[in-house]
Amino acid sequence: MPDSKNLFERACRVLPGGVNSPVRACRSVGCDPLFVTKTAGSKMWTADGQELVDYIMSWGPMLLGHAHPAVEEAAVRAVRAGASFGTPCEDEVLLAELLCEILPSVDMVRMVNSGTEATMSALRLARAYTGRDKVIKFHGGYHGHSDCFLASAGSGMATLSIPGTPGVPETFVAGTLLAHYNDLAGVRQLFEENPEEVAAVFVEPVAGNMGCVLPGEGWLSGLRALCDEFGALLVFDEVITGFRVDLGGAQKRFGIDPDLTCLGKIIGGGFPVGCYGGKRKFMERIAPCGDVYQAGTLSGNPVAMAAGLATLRELQKQDYAALEKRTLELATELKSILESKGLPVTLNHVASIFTLFLTEGPVTDFPSASTADGETFAKYYAQMRAAGVNVAPSGFECSFTSFAHTDEDFEKTLEAARAVSL
Ligand SMILES: Cc1ncc(COP(=O)(O)O)c(CN[C@@H](CN)CCC(=O)O)c1O
């Protein structure tokens with residue numbers, strides 16, 4: 001078996017940056033990526049024979065843990081019945097019914113293949129429904145890589161510090177208005193400066209692409225009120241938060257009814273699935289029921305639907321409060337370990353998501369998140385990885401626990417952090 005170094009050298013000859021998604025290249029932390037051969041539960045094993053406790057969890061999907069038996073069995077059963085039918089199948093209906101049952105604001109959904117497709121399609125729907133073109137998003141917010149959202153994206157873009165990207169015509173982002181997260185006055189100002197022109201506000205109800213940033217008191221309800229006042233749709237991008245911050249997502253946890261919801265990651269159980277949904281009056285505008293076109297060869301793929309369905313059914317049995325408590329205990333102890341090394345640390349945490357920002361707090365938006373010490377973080381990342389703990393290779397990504405992480409995993413993580421020298 002070739003090792004990670006050999007595989008990466010070959011990968012770089014045939015894949016841009018040696019990866020199929022930029023953040024996986026670990027460039028912002030000055031490391032080469034590990035090539036993984038197997039995962040199970042909270043663990044991953046590399047081509048170099050190293051075992052690691054994983055806190056990336058495929059960037060969010062693996063809330064049950066990797067290779068969960070029920071999910072694996074459902075996917076294998078589906079594969080044996082054929083990988084793709086090109087026709088509707090029962091599991092599409094079952095998963096759609098379950099999503100509508102669990103998510104308070106959703107009457108109808110459309111399956112797609114990624115979070116990017118979900119937000120891109122939701123934006124098209126919002127523009128069609130309102131007859132308006134502009135969209136408000138937030139500095140440090142990331143909604144996938146469709147053109148209109150790459151005006152100043154977070155996540156990999158923030159790490160790569162490209163303020164927008166070549167290849168997107170200026171006209172495509174001219175209608176993308178930017179405000180700061182947790183700044184209602186800034187959002188009101190954009191609405192007032194663009195009267196009757198804003199189709200939608202896209203928000204991560206808990207931001208996860210500038211690190212974890214929580215909605216301040218009144219932030220989400222304030223956005224709901226502003227959208228109602230100015231006639232725009234409120235779109236919750238719950239690609240990270242959906243089924244993670246609560247089984248019913250952030251909309252359930254914070255009691256806010258968005259007009260549209262975008263989902264991904266967890267609902268595919270590790271397979272490529274995205275979804276957008278909302279009230280019937282909006283979704284019935286989508287072809288072939290309505291006049292707003294959106295399509296996809298593998299949308300609703302039977303294998304992905306089976307895996308997603310098995311995932312959600314297993315999540316319905318889990319104790320979210322217990323995982324939230326354990327995650328907070330871990331994160332709080334990690335914070336004090338790093339503080340004992342003389343570092344300023346701000347911990348942002350909700351449910352099974354946390355970020356340790358190496359900066360004085362509070363971290364409430366992208367500018368404050370950007371004050372974190374990236375150089376020291378890179379040293380922390382490298383030493384934790386060498387000690388067998390896989391944290392995200394970027395200060396702008398979150399750490400995720402899962403229902404598979406054990407107390408032993410957490411103890412190993414704390415041991416590794418105690419040994420780090422920064
Ligand atoms: C809130 C939110 N909305 C949309 C997306 C895009 O989803 P995908 O197209 O990558 O499935 C994402 C994707 N998240 C990044 C990491 N935070 C995926 C990792 C990557 O880009 O490789 C997201 O976080």
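## Overall architecture

The protein has 15 helices and 14 strands. Its radius of gyration is 21 Å, close to the 22 Å that the globule rule gives for 422 residues, so the protein is as compact as a globular protein of that length. The model is a predicted one. Taken along the principal axes, the box filled by the C-alpha atoms is roughly 55 × 55 × 45 Å.

## Ligand surroundings

There are 17 residues around the ligand, and those that come nearest are Ser 21, Thr 116, Asn 209, Asp 237 and Glu 397. Sorted by class, this shell has 8 polar, 5 nonpolar and 4 charged residues. Two domains contribute to the shell: domain 1 (4-64 + 319-419) and domain 2 (69-315) each supply at least three residues.

Asn 209, one of the nearest residues, places a polar side-chain atom 2.6 Å from a nitrogen atom of the ligand. In the side chain of Lys 265, an N or O atom lies 3.1 Å from a ligand nitrogen.

Strand E1 (residues 36-40) pairs with strand E2 (residues 43-46) in the antiparallel sense, over 4 bridges. Within this pairing, Thr 39 stands opposite Met 44 of E2. The hairpin of E1 and E2 has 2 residues between the strands, and Gly 41 there takes a positive phi near 60°.

E2 also pairs with strand E3 (residues 51-54), again in the antiparallel sense, over 3 bridges. Here the bridge partner of Trp 45 is Glu 51 in E3. The hairpin formed by E2 and E3 has 4 residues between the strands, and in its turn Gly 49 has a positive phi of about 80°.

The pairing of E11 with strand E12 (residues 353-357) is antiparallel and runs over 5 bridges. One of the residue pairs joins Val 350 to its bridge partner in E12, Ile 353.

Technical notes:
Residues are numbered from 1 along each chain as its sequence is written. This is a predicted model: local features need pLDDT of at least 70, side-chain atom pairs count only at pLDDT 80 or more; totals for chains, interfaces and linings use all residues. Side-chain values use heavy atoms; hydrogens and water are left out. A residue is near a molecule or strand if one of its heavy atoms lies within 4 Å of it. A polar contact is a pair of N or O atoms within 3.5 Å; within protein, one must be able to donate a hydrogen and the other to accept it, and residues adjacent in sequence count only if both atoms are side-chain atoms. Ala, Val, Leu, Ile, Met, Phe, Trp, Tyr, Cys and Pro count as nonpolar, Asp, Glu, Lys and Arg as charged, and the others, Gly among them, as polar. Domain bounds come from an automatic or database domain assignment. Two strands pair if DSSP finds at least two bridges between them. The radius of gyration is taken over C-alpha atoms; the globule rule is 2.2 Å times the number of residues to the power 0.38.
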